[in-house]
Amino acid sequence: MNTYLFIYDLMQFCGHSWIFTNMIIRFMSFGKDSLADTFYSIGSVMRLCQLLSVLEILHILIGIDKSRLFPRLLQITERIIVLFVVINSQEEVQGRYIVCVLFFLWNVLDVVRYTYNMLARMGIYYLPLTWLNFSLYIPLYALSVLAKAFAICVSLPYFESFGTYSIKLPFPFAFSIYFPYILKAYLLVLFIGMCFIIQNLFSERKAHLGTGSIKKKRS
């Protein structure tokens, strides 16, 4: 199972590294013009990586990954909702700069995280990388939540205009679901979840970067 998890982390590392490198090269080559078509150039690979991340929930459920289920479930759900429900369904949002910002934050986080995971599965703990994984993740995750919230706010006028995912049942049910209201309610859930996840990230940081933990890993 350790070999399987290493291969999984390697696949995710390769995918996110490709996205990250592609974004940097495109920006250096085309400047600001590259930001608007970020989704069109790397969106398919990003969608694949995020779909694969659902396996991480299964890993925890069957016990081969010792991470806590609820925080990981929240993080994966946030990305799936924002990427597939919000961005992928609204072409007008796909060309916004916020998509590039969001993808950049996700890839910085995941390149570091999957690199750390691969080395940890081989029993290698490189202190600067450990510090990056458990310290950098906290502010960047908070920024990514702000970017997700901004992407949702940008998408609201389009969901209102096009009626995407809104449902109105005919008589005699007289029942309707107005999707922009659901998105607005989800914004509250997003920030409540952020508080919970950041608290969990601080706990993980203390567990892995505490004096006792560092000495144990060095030995």
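These legends walk through several close-up views of a predicted model. Local features are taken where pLDDT is at least 70 and side-chain atom pairs where it is 80 or more, while totals for chains, interfaces and linings use all residues. Residues are numbered from 1 along each chain as its sequence is written, and side-chain values use heavy atoms, leaving out hydrogens and water.

**View 1. The largest pocket holds about 730 Å³ of space.** On a 1 Å grid over the protein atoms alone, a pocket is an open set of points with protein on both sides within 12 Å along at least five of seven lines, and a lining residue has an atom within 4 Å of a point. Points are joined across faces, edges and corners, and the volume is the space filled by probe spheres set on them. Here the lining runs to 29 residues, with Asp-65, Ser-67, Asn-117, Phe-134 and Glu-204 nearest the centre. Helix 1 (2-30), helix 4 (55-61), helix 5 (69-87), helix 7 (97-121), helix 8 (127-162) and helix 9 (179-209) each give two or more residues to it. Helices are DSSP runs of H or I, at least four residues, numbered from the N terminus. Helix 7 hands over the largest share, six residues. By type, the lining splits into 13 nonpolar, seven polar and nine charged; Ala, Val, Leu, Ile, Met, Phe, Trp, Tyr, Cys and Pro count as nonpolar, Asp, Glu, Lys and Arg as charged, and the others, Gly among them, as polar.

**View 2. Asn-117 sits in helix 7.** With a relative accessible area of 17%, Asn-117 is buried, because buried means under 20%, with exposed over 50% and partly exposed in between (1.4 Å probe, protein chains only).

**View 3. The largest cavity has a volume of about 50 Å³.** A cavity is a set of grid points where a 1.4 Å probe fits but cannot get out, and the whole structure has three of 30 Å³ or more. Among the residues lining this one are Gln-12, His-16, Cys-49, Arg-72, Gln-75 and Tyr-114. The tally is three nonpolar, five polar and four charged.

View 4. Gln-75 itself belongs to helix 5 and is buried at 9% relative accessibility. Leaving aside residues up to four places away in sequence, Gln-75 touches Tyr-137, Tyr-141 and Ile-197, where contact means heavy atoms within 4.5 Å.

**View 5. The largest nonpolar core gathers 44 residues.** Such a core is a set of buried Ala, Val, Leu, Ile, Met, Phe, Trp, Tyr and Cys residues joined through side-chain atoms within 4.5 Å. Ile-87, Phe-103, Tyr-141, Ile-152 and Leu-183 touch the most other members. Helix 8 gives the most to this core, 13 residues. A second, separate core of five residues includes Val-112, Leu-129, Phe-134 and Leu-209.

**View 6. The search for disulfides comes back with zero.** A disulfide would need a pair of cysteine sulfur atoms within 2.5 Å. For Cys-100, the nearest cysteine sulfur is that of Cys-49, 16 Å away. Cys-100 is also buried, at 10% relative accessibility. For Cys-195, the nearest is that of Cys-153, 17 Å away.
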